[in-house]
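Dear colleague,

I am handing over the structure we spoke about, with the sequence alongside. Below it you will find notes on what came out of going through it.

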Amino acid sequence: MDPIAAMWDELTVRAVAIVDKHNYFSHLPKICVPKPCPAEDPLADIETFDGPGPWDRTLLDVEVENPLAGVAEGEPPRKKVIIFSGNDYLNLSSHPAVRKATAKAALAYGMGPRASSMISGHTNYHRLLEDTLAELTKKEACVITTTGFAANNAFLAALGSIASLTCVGKRPAKHEKIAIFSDGLNHASIIDGLRLVVAHQEADVFVYRHNDMKQLDELLSKCQVEKKVVYTDSLFSMEGDFAPLLELVELRKKHGFLFVIDDAHTTLVCGKNGGGIAEVYGVEDQVDICIGTLSKAPGCLGGFIACSKKWERLIRGRGRPYIFTTACPLPVVAACYAAVTVAKKEEWRRQAMWSRVREFSALTNYPASSPIISLVVGTEEAALNASKHMLECGFHVTAIRTPAVPPNACRLRVTLTAAHTTEDIRRLVAALSHCIPALQQGASDQASAKL
Ligand SMILES: Cc1ncc(COP(=O)(O)O)c(C=O)c1O
């Protein structure tokens, strides 16, 4: 086994031994809900398709309340728009298999057992989804949580507990603490989890400049603490850029840290099988903990922490946002399972989504590297005006403002999906070029190149 993973596994074993001194885990129930007949089985016959169907546009072609209705004459109460603002990158939320699994599970079980996972909320369906996600991310085990937000919080609570459970005194001494290095643009759920471990005096946190590997290397070199962790989003939700994964893997070899990624925006989106960013580079074994969400490309709701079996036990034993909350409803779990199964088989969805990304780049001078396109306009007013203009042109594109981004870096965040068409992108770019100064030149250059 890789020596870094081995050191952390040994620490988790020591921590779990303390958590589990009363054999807490062996008394946990393993709930198996009644098996329905084949026709009513939520997971039987997960149907897949060779290409898009009308169901894919259900949640793209919508209407919004018209702000001008009743203000200007002749304005209709609602306006048709195309959504370019969601995170349903593969349009799985409206896939027939996802709809059927949800409906069948609801009919068979209602919401499922309403209790914490550690009481009686965790069923054979939850276990099946966990095993499927572990296989997808090439990890031994997986813990599902009610949201991606809770997944980051639960992992950090468990990580921090290593310091407090294994320290000699009441509180970890300086050298017993964990040193966590976190990218400056990490998601709010990571930041909040870090605030808690700092408040509990379990870790010292070092925030490095966004994607600045030189600064990270320097901070790691200076740090005398043995238990080091690097934590980063793999695809940044507001910037649309990727963490430099291979450089991080090199730094892991040099400094021996536990490497944690938040794969919220790359699960099912990146990699041949949708295994996320680590699958793209074939470095799954170099990523110790892979955290994800089931609410973006999987199109459902929930979060997960894919990890080793030893980490799994510690998270179940000390991940408070996992322990002290009710387990995911069964129809949602069945929907997630169907979505992951479909995404693995319908590879064309990923290909279609990436084609749209390339088309957007080709029509503009914006080098899009992901389905998240972040068009910074500056002030809040400029972003709101740009969003209003897009709505008038028939596109729902949200203005992103504080606290999601700094006040002077407000922006339009455009997201592309598999079910958008080439024509949608062409029309979107034409509308954007009237409100995003940076796109104006590129769009007209591309247009004249085509003439
Ligand atoms: C990088 C990242 N991590 C975690 C989350 C939280 O996921 P969820 O919406 O499932 O709580 C999000 C979503 O907003 C995100 O963008």
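This is a predicted model: local features need pLDDT of at least 70, side-chain atom pairs count only at pLDDT 80 or more; totals for chains, interfaces and linings use all residues.

Which residue in strand 13 is the bridge partner of Thr398? The partner of Thr398 is Arg413.

Residues are numbered from 1 along each chain as its sequence is written, and side-chain values use heavy atoms, with hydrogens and water left out.

The UniProt record, an unreviewed entry, annotates residues 80-432 as "domain: Aminotransferase class I/classII large"; its positions are given in the numbering used here, the feature name is shortened, and such annotations may be inferred rather than shown by experiment. Helices (H or I, at least four residues) and strands (E, at least two) are DSSP runs, numbered from the N terminus.

Strand 13, residues 410-415, is mostly covered, with six of its six residues buried, where buried means under 20% relative accessible area, exposed over 50%, and partly exposed in between, using a 1.4 Å probe and protein chains only. In a regular strand the side chains alternate between the two faces of the sheet. Here Cys410, Leu412 and Val414 point one way, while Arg411, Arg413 and Thr415 point the other way, and all are buried. Strand 13 is joined to strand 10 (residues 372-378) by six bridges, the two running antiparallel, and Arg411 is the bridge partner of Val376. Three bridges join strand 13 to strand 12 (residues 398-400), again in an antiparallel arrangement; strands are taken to pair if DSSP finds at least two bridges between them. The loop between strand 12 and strand 13 holds Pro403, and the peptide bond joining Thr402 and Pro403 is cis, with omega about 5°.

Helix 14

Helix 14 (residues 380-392) has 13 residues and reaches 18 Å from its first C-alpha to its last, close to the 18 Å expected at 1.5 Å a residue, the expected span being 1.5 Å times one less than the number of residues. Ala383, Ala386, Ser387 and Met390 are buried in this helix. Seen down the axis of helix 14, its buried residues fall within an arc of 100°, so they line one face of the helix; the arc is that of the directions from the helix axis to the C-beta atoms. On the other side of helix 14, Glu381 and Lys388 are exposed. The buried residues of helix 14 pack against strand 10, strand 11 (395-396), strand 12, strand 13 and helix 15 (422-432), with contact meaning heavy atoms within 4.5 Å. Helix 14 is followed by Gly394, whose phi is positive, near 95°.

Aromatic pairs

A search of the whole structure finds nine aromatic pairs; rings of Phe, Tyr and Trp (its six-membered ring) pair if their centres lie within 6.5 Å, and planes under 30 degrees apart count as stacked, over 60 as edge-to-face and the rest as tilted. One of the pairs is that of Phe181 and Phe206, which is stacked, at 5.0 Å centre to centre and with 15° between the planes. This pair links distant parts of the chain, with Phe181 in strand 4 (residues 178-183) and Phe206 in strand 5 (residues 203-208), 25 residues apart. Phe181 counts as buried because its relative accessibility is 0%, whereas Phe206, at 29%, is partly exposed. Ring pairs also link Trp8, Phe155, Tyr231 and Trp311 into a cluster.

Individual residues

Ala105, in helix 2 (residues 96-109), counts as buried at 0% relative accessibility. Its C-alpha atom is separated by 6.6 Å from that of Ala334, 229 residues away along the chain. Leaving aside residues up to four places away in sequence, Ala105 touches Pro42, Gly110, Leu330, Pro331 and Ala334.

Asp45 lies in the loop between helix 1 (3-19) and strand 1 (61-65) and is exposed, with a relative accessible area of 72%. Leu268, by contrast, is buried at 0%, in the loop between strand 7 (258-262) and helix 9 (277-281).

With best regards
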